[in-house]
Amino acid sequence: MIPAAFDYVRAGSAAEAISLIGEHGSDAKFLAGGHSLLPLMKLRLAQPSVLVDIGRVKDLSYIKDAGDHIAIGALTRHMDVETSKVLAQHAPLLAHAAGHVGDPQVRHRGTIGGSIAHADPASDLPATTLALGATYVVQGPKGTREIAARDFYKGFLESALAADEMLTEIRVPKMNGAGWSFQKFNRRAQDWAIVGVAAWRRGSESGVALVNMGQTPVLASSVSAAIASGASVADAAQKAVAEASPTADNNASVEYREHLAKVLVRRALEHASA
Amino acid sequence: MEIRVTVNGVEHKHDVEPRTLLVQYVREHLGLTGTNIGCDTSSCGACSLHVDGEAVKSCTMLAVQADGSSITTIEGMAGKDGSLHPMQKAFMENHGLQCGYCTPGMVMAATSLLKENPNPSEDDVRIGLEGNLCRCTGYHNIVKAVLACAGK
C-alpha cells in the first residue's frame, strides 16, 4: 500500500518546523517517527498534502532530570524512554509502559511526542502520562505554552494542539517512590490494548488512567477520589468506569470493556499498593 | 527528491518520490528482493532490515527518512566469500524456518535483539521477537536458533 502523493520538506529545528507548517497550511502534517501517521496514510485514511519531517531535529531528543520533574524531548524514541536510567529511577511507570508500545522495531522509530500528539485513546503513552499528571510543552508561532495532560485530549485523535503548534517537551513529575503498575490486556503481544490501565499510588494519593476506554485517554478521577477517602482497592476499582465511555469493536463489547477496566484497575492498584 | 544511502556497504544515490516506502526502495530500485513484504501494516516484521544498526519495519518508513543512513538487508548479512552470518547458520542448523517467508525479517530482528541484549533468556527472545510473525508457527526452532547463536 502506497500513500497518496505529498510534498516533503525537512525541518532542522522546532522554529523552522513551525514556520514550515504555517506556510503550508492546515493540510500539512508533522512527521516524527511516522509510526502513527504512515499507517494511516498507507490506508489513505490520512492524505496530507505536505509532510514536514521533524525526525532530524536532534535537539528534541533528550531525557533530563529537571528537579521536581523529568523533561523528555518530544522526539525521544520509545526505545530510549524504555531504557532510560533517569526514568527507571524517577518515573519507572513511563519507562515500563514505553516498553509495551508496539514491538522493538516500532520502538526504534516511534517517538513519545508523536504518540501523544496523535492522541489515540488506544495508545499506551497518552494514558500513562495522563495518569502521571504530566504537562506538555507546545511551541507555536507566538511562543510556547504549557498544557496539562488532563486538558490536552479533546476527542478521537483530537488534541488541544493548534494546526501550527508542535509538541516539544513532556514533563513528568517524579514519582518519588510511589508504587505503580501498567496493565495491558490484549490477545497478541504487539497489539493495542483492548483495555489498559496505568496507575500509581503513594498512600492516599494516586493516579489512574485508562487506555481504550473512550474517545480519549481517560483519567479515572473517581477511583483516585475513592482511594483518597480511604476506600479499599476493591471498592475503589468499582468506580473505574465512572469517567469512561467505551465503544464496542470486534475485540470487545461495551460490557466486556467495562468489566475488564474494573478488574485491571483492581489488579493495578493491588500491585501499586503492595 | 534525491537521497543518498549506504546499503550493505555500497553507496547509492537515487531520485525518489517522497511517498516511496523504504521496502519499495530496496526491492524495486535496488533489486534487493530478500526483504519481503508481508502484512504491509507494520505488524508482521517480514520487511525488517537494519537502519544504522537497528531493526526497523521498512514498510512503515519512507525512503526519504532513511536519507544519509546506513542500511543492512538480509543480502548484506553473509560475508563477501559467501560464508553465512552466525545467525543464518544458527537458523539453518536448528531448522529455524519452514516456508522461509518470515526468515529474512526474523534474522534481521534477531541480530538486532542480540546486539541490544547479547545474553538473552528464552523469554527475552520470545518477547524480543514479538514484532515478527511466522505463519507456519515455527517459533520453537526460531527461538532455539537465536539462543544457539547467543551461545546458549
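This is a predicted model: local features need pLDDT of at least 70, side-chain atom pairs count only at pLDDT 80 or more; totals for chains, interfaces and linings use all residues.
## Chain A at a glance

How compact is chain A? Its radius of gyration comes out at 18 Å, close to the 19 Å that the globule rule gives for 274 residues, so chain A is as compact as a globular protein of that length.

Of the 274 residues in chain A, 54% are buried. Now take the contacts in chain A between residues at least 6 apart in sequence: 61% of them join residues at least 24 apart.

## Inside the cores

The largest nonpolar core is made of 88 residues. Which residues have the most contacts inside it? They are A:A199, A:L210 and A:V265. Helix α12 of chain A, residues 254-273, provides the largest share of this core, with 7 residues.

Have a look at A:A199 in the structure. Once you set aside its neighbours within four places in sequence, A:A199 still touches a whole list of residues, including A:A131, A:W180, A:V208 and A:V265. Also among its contacts are A:A268, A:L269 and A:A272.

There is a second, separate core too, with 46 residues. Its members include B:V5, B:A46, B:I74 and B:M108.

## Where the two chains meet

How many residues of each chain are in contact with the other? The count is 22 residues of chain A and 25 residues of chain B. On the chain A side, the elements that give two or more residues are β1 (7-10), α2 (37-42) and α6 (104-109). The one that gives the most is α6(A), with 5 residues.

What sort of residues are these? Sorted by class, the side of chain A that touches chain B has 11 nonpolar, 7 polar and 4 charged residues.

## The two domains of chain B

Chain B is split by its domain assignment into domain 1 (2-76) and domain 2 (86-149). Their C-alpha centres lie 21 Å apart. The contact between them takes 15 residues from domain 1 of chain B and 12 residues from domain 2 of chain B.

On the domain 1 side of this contact, β3 (48-51) and β4 (54-57) of chain B each supply at least two residues. The largest share of that side is from β3(B), with 3 residues. By class, the domain 1 side has 6 nonpolar, 8 polar and 1 charged residues.

How values were computed: Residues are numbered from 1 along each chain as its sequence is written. Chains are lettered from A and ligands numbered from 1 in the order in which they are written. A nonpolar core is a set of buried Ala, Val, Leu, Ile, Met, Phe, Trp, Tyr and Cys residues joined through C-beta atoms within 7 Å. A residue is buried if 20 or more other C-beta atoms lie within 10 Å of its own, exposed if 12 or fewer, and partly exposed in between; C-beta atoms are placed from the backbone. Helices (H or I, at least four residues) and strands (E, at least two) are DSSP runs, numbered from the N terminus. Two residues are in contact if their C-beta atoms, placed from the backbone, lie within 7 Å. Ala, Val, Leu, Ile, Met, Phe, Trp, Tyr, Cys and Pro count as nonpolar, Asp, Glu, Lys and Arg as charged, and the others, Gly among them, as polar. Domain bounds come from an automatic or database domain assignment. The radius of gyration is taken over C-alpha atoms; the globule rule is 2.2 Å times the number of residues to the power 0.38.
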